[in-house]
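Try each one before reading its solution.

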Amino acid sequence: MQPRNMSMSGVVDLAAVKAAQEAKAKAEQARAEAARQGGGGGAVSPASLVIDVDEAGFEHEVLQRSTEVPVVIDFWAEWCEPCKQLSPVLERLAVEYNGRFVLAKIDVDANQMLMQQFGVQGIPAVFAVVAGQALPLFQGAAGEAQIRGTLDQLVQVAEQRFGLTGLTVDADAEPGSAPEVPEMPAGPYDALLEAAVQALDAGDLGGAVQAYKNVLSDDPGNTEAKLGLAQAELLQRVQSADPQQVRKDAAERPGDVQAQIAAADLDLVGGHVEDAFGRLIDAVGRTAGDDRDAVRLRLLELFEVVGADDPRVTAARRALARALF
């Protein structure tokens, strides 16, 4: 499954992080203090690049550590199937990036307070903390190429804006000290999926749609392609829309199915997930026949965009069932 808003430019404006200069100064001060106390500059083992963190150790293991190196947080749970796809990739990349970031794994079942503080709505969810500043990265499992792109941007921003060049890893550490992470073999559609991502980044929504369809023509059950296609088609639909006119039409014509569908698309693109779902569920309750089918099908498409594991989708599915029956 692809992440939502994988591109950092779509998730958070890193150039506009509040008090970036102050955070950088604090990070430099913390590093200087650690050096004076003999705690800085030493090499670390590869095993220390992937750590389990709980609420008691969060301040030391994440907040304080983020003054030396970006800390990527993987919110996961044992019952979460997408987590089992994403976590091994993140663990392997943490070792491969050789100290440019540290991966902190947080079990949401055992650390509900941290989950709430970060506003996590569904898992897997990945955040970063840089010089004490929390940055949302993405939600949902993802292809490795996309994860690498996000990590590369994170590392670059951490170095350029906060002066964090990462940790020195002990090259002579025993091989067994590194976490054993299974190799993830390249899938048969990796090239096509990467082409779709590149098309999205270039603004070629039609090219992205076609690339995802090419994967699905051979592998109809490919979850990454299904989600990618739903996202690309959503962006394609709203690309030429006049938001003000769409909102006006929806407000003035509550019984107009197409007006409500268009407004729901804008709601979702704007991050108002529950508003989008609620709008269409209300429309289902007011309609019948072909109009009801059109609304229901669009709602199911939006469920695909958000992801079946998202609790907002689960709640909306229950509400849809009540509206239908």
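A residue counts as buried when its relative accessible area is under 20%, and as exposed when that area is over 50%. Keep in mind that this is a predicted model.

**Exercise 1.** Work out whether Phe-118 and Phe-127 are buried or exposed, and say how their rings are arranged.

*Solution.* Start with accessibility: Phe-118 and Phe-127 are both buried. Next, look at the rings of Phe-118 and Phe-127, which sit 5.2 Å centre to centre with 75 degrees between the planes. Planes over 60 degrees apart count as edge-to-face, and that's the label for this pair. Finally, zoom out: Phe-118 and Phe-127 belong to one aromatic cluster with Phe-58 and Phe-75.

**Exercise 2.** Classify the aromatic pair of Tyr-97 and Phe-101.

*Solution.* The structure has 6 aromatic pairs. In the one made by Tyr-97 and Phe-101, the ring centres are 5.5 Å apart and the planes meet at 65 degrees, so it's edge-to-face. Now check burial: Tyr-97 has a relative accessible area of 13%, so it is buried. Phe-101 is buried too, at 0%.

**Exercise 3.** Describe how helices H12 and H13 pack.

*Solution.* First find them: H12 covers residues 273-286 and H13 covers residues 289-306. Their axes come within 9 Å and cross at roughly 160 degrees. Angles over 145 degrees count as roughly antiparallel, so H12 and H13 are roughly antiparallel. Their crossing is left-handed. Among the contact residues are Phe-277 and Leu-280 of H12, plus Leu-299 and Phe-303 of H13. Sorted by class, this contact has 12 nonpolar, 1 polar and 3 charged residues.

Methods: Residues numbered from 1 in each chain as written. Predicted model: local features only at pLDDT ≥ 70, side-chain atom pairs only at ≥ 80, totals over all residues. Heavy atoms only, no water. Axes fitted to C-alpha atoms, helices over the stretch in contact; angles between N-to-C directions. Helix = DSSP H or I, 4+ residues; strand = E, 2+ residues; numbered from the N terminus. Parallel < 35°, antiparallel > 145°, perpendicular 65-115°, else oblique. Left-handed = near helix turned anticlockwise from the far one by under 90°. Contact = heavy atoms within 4.5 Å. Nonpolar A, V, L, I, M, F, W, Y, C, P; charged D, E, K, R; others polar. Phe/Tyr/Trp six-rings, centres within 6.5 Å; stacked < 30°, edge-to-face > 60°. Buried < 20%, exposed > 50% of the residue type's maximum accessible area, 1.4 Å probe, protein only.
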